Amino acid sequence: MLECGMLEQDRRALRRRSATLCKELVVDALLIQSLQADDILTESMAESIMAEQTSQKRSWRLLLLLPKRGPRAFSSFLSALRETEQQHLCDLFTQSPEKDGTPVERIRPEEEPEGIAGRQVMQTTEKKRERFSDSPLPLPTQEGIAAKRMRTHESMEYSLDADSPINSPVLPCTPDFYLSHCQQSYRMNSSPRGFALVISNVTFDPCAAPDLDPRKGGEVDDEVLRKVFTELDYLVTVHRDLTAQGMRTCIETFCRRPDHRTVDSCVVCLLSHGVEGAIYGTDGQLLQLDWVFESFDNAHCPLLQNKPKMFFIQACRGEEMDCGVEQIDGPARTCSPGCEQRDAGREGQGDANSRHREDMGRPRIKLPQRSDMICGFASLKGTAAMRNTKRGSWYIQELNTTLRLHARDMHLADIMVQVNGKIKEREGYAPGTAHHRCKEMSEFTSSLCKDLYLFPKYQPQY
């Protein structure tokens, strides 16, 4: 039996930092298991916490339980923070409240709303915090708003705070599932499955590109992608902060890798500010996406012919904010965007010098110039993409979570539909306001000719 109640000074420390914890704490399986191992949480408590749908709700429920779980609960919680690489939250409790003079947390400067409306929001927030300061419960928090001027530049990728996904391990494919689906899908047997290229532009040249702000949270995205595709058995290369020409050179080098011959697929992830049909280099120059796709087509990248090529684009495609519309009465109807098969208008001509002599006498099967590609976009044409300044973009968060949970038994087109559905459910504050809610909608296009299963962590035995 646990002794009843947490020590009063520990209870006060939790209450004092409750706002930050509700917003930044990542309550995942590892943290819960650590608290269970210390007999702080029971199995039913752990299940009730993990059943919550959002990170903030999981944090809220955990913080409700901890003060009731005995005098060891506080030290065990700090230990769990260290084990789950959340040392920055653990450090919050090392500073004495008498020294920092903040008995109740205030909105941090980087989260303060702008203008008259912003001051009104802050005054209201302070009154609420004063009213609840004596409450034993953690305080609910609003999503933060980045303190910056409102911009209408079409390249802007809006920065928001929102819930973060759980980074559970990629679930493995079962032998039975592989055997029942491998015949109608792309070959995915090689180890590694393929090569993955991630280009992430976070910091832009203030002289060459003064209108392009740093993409705070962008560094989280490229690390998330590196981890998930590594777990999916891809050899991942990450490049950060490249000019437009640097991106071209990097992609050309990647396309020419001779070892594409020995693998079954490839992945390309591009993260930057952007406009419709192009993304920005750190020098403010644009790289056309059509050139990227052309670089991997059947003519320019013959070693990847008939192999799936996956593209994920995290960038704005315009400046328009999607503020959503009211849903009419009646059952909800959600139509997922379809896989748009692109009709190739030209036949691949190939390079005669790259053909093997022993094949010269055979009749040749011609391929469309561009095929076997699937491309996911973070936003619709003409609209902005949303990014959390601490946890990364909405799109990459949902892509990461869905791949981890469903790659084992769902083909990629269905995964992209599910990502679209998750993005559709999300909303946050429009930058520069405290009351305008904004939405996002992702989409994808496809010229895949078969189902694309990644068959994670399964290697056929021959």
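Which residues in α11 meet which residues in α14?

A: The model is a predicted one. On the α11 side, the residues in the contact are Asp221, Val224, Leu225, Lys227, Val228, Phe229 and Glu231. On the α14 side, they are Ile396, Leu399, Asn400, Leu403 and Arg404. By class, the contact of α11 with α14 comprises 7 nonpolar, 1 polar and 4 charged residues.

The geometry of the pair is as follows. Helix α11 spans residues 218-231 and helix α14 spans residues 394-406; their axes come within 10 Å and cross at roughly 15°. An angle under 35 degrees counts as roughly parallel, so α11 is roughly parallel to α14. The handedness of the crossing of α11 and α14 is left-handed.

An α-helix has 3.6 residues a turn, so residues three or four places apart point the same way. In α11, Val224 and Val228 are among the residues that meet α14. In α14, Ile396, Leu399 and Leu403 are among those that meet α11.

Helix α11 also holds Asp222. Asp222 has 3% relative accessibility and therefore counts as buried, the limit for that class being under 20%. Setting aside residues up to four places away in sequence, Asp222 touches Val198, Ser200, Val238 and Arg240.

The axes of α3 and helix α4 (residues 43-50) come within 10 Å and cross at roughly 160°. Angles over 145 degrees count as roughly antiparallel, which means that α3 is roughly antiparallel to α4. The crossing of α3 and α4 is right-handed. In α3, the residues in this contact are Ala29, Ile32 and Gln36, and they meet Glu43, Ala46, Ile49 and Met50 in α4. The contact of α3 with α4 has 5 nonpolar residues, 1 polar and 1 charged.

Helix α3 (29-37) is also part of the cover over another helix, α6. Helix α6 runs over residues 73-83, and its buried residues are Ala73, Phe74, Ser76, Phe77, Leu78, Ala80 and Leu81. Along with α3, what covers these buried residues includes α1 (8-16), α2 (18-24), α5 (55-65) and α7 (87-90). Just after α6, Glu85 takes a positive phi of about 60°.

Asp10 sits in α1, one of the helices that cover the buried residues of α6. Asp10 is in contact with Pro71 and Phe74, leaving aside neighbours within four places in sequence, and Phe74 is one of the buried residues of α6. At 13% relative accessibility, Asp10 counts as buried because the class takes in values under 20%. The C-alpha atoms of Asp10 and Phe93 are separated by 9.2 Å, although the two residues are 83 residues apart along the chain.

For the chain as a whole, the secondary structure comes to 15 helices and 14 strands. Of the 462 residues in the chain, 50% are buried. Among contacts with a separation of 6 or more, 80% are accounted for by residues 24 or more positions apart.

Conventions
Residues are numbered from 1 along each chain as its sequence is written. This is a predicted model: local features need pLDDT of at least 70, side-chain atom pairs count only at pLDDT 80 or more; totals for chains, interfaces and linings use all residues. Side-chain values use heavy atoms; hydrogens and water are left out. Axes are lines fitted to C-alpha atoms, for helices over the stretch in contact, and angles run from 0 to 180 degrees between N-to-C directions. Helices (H or I, at least four residues) and strands (E, at least two) are DSSP runs, numbered from the N terminus. Angles under 35 degrees count as roughly parallel, over 145 as roughly antiparallel, 65 to 115 as roughly perpendicular and the rest as oblique. A crossing is left-handed if the near helix is turned anticlockwise from the far one by less than a right angle, and right-handed if clockwise. Contact means heavy atoms within 4.5 Å. Ala, Val, Leu, Ile, Met, Phe, Trp, Tyr, Cys and Pro count as nonpolar, Asp, Glu, Lys and Arg as charged, and the others, Gly among them, as polar. Buried means under 20% relative accessible area, exposed over 50%, partly exposed in between (1.4 Å probe, protein chains only).
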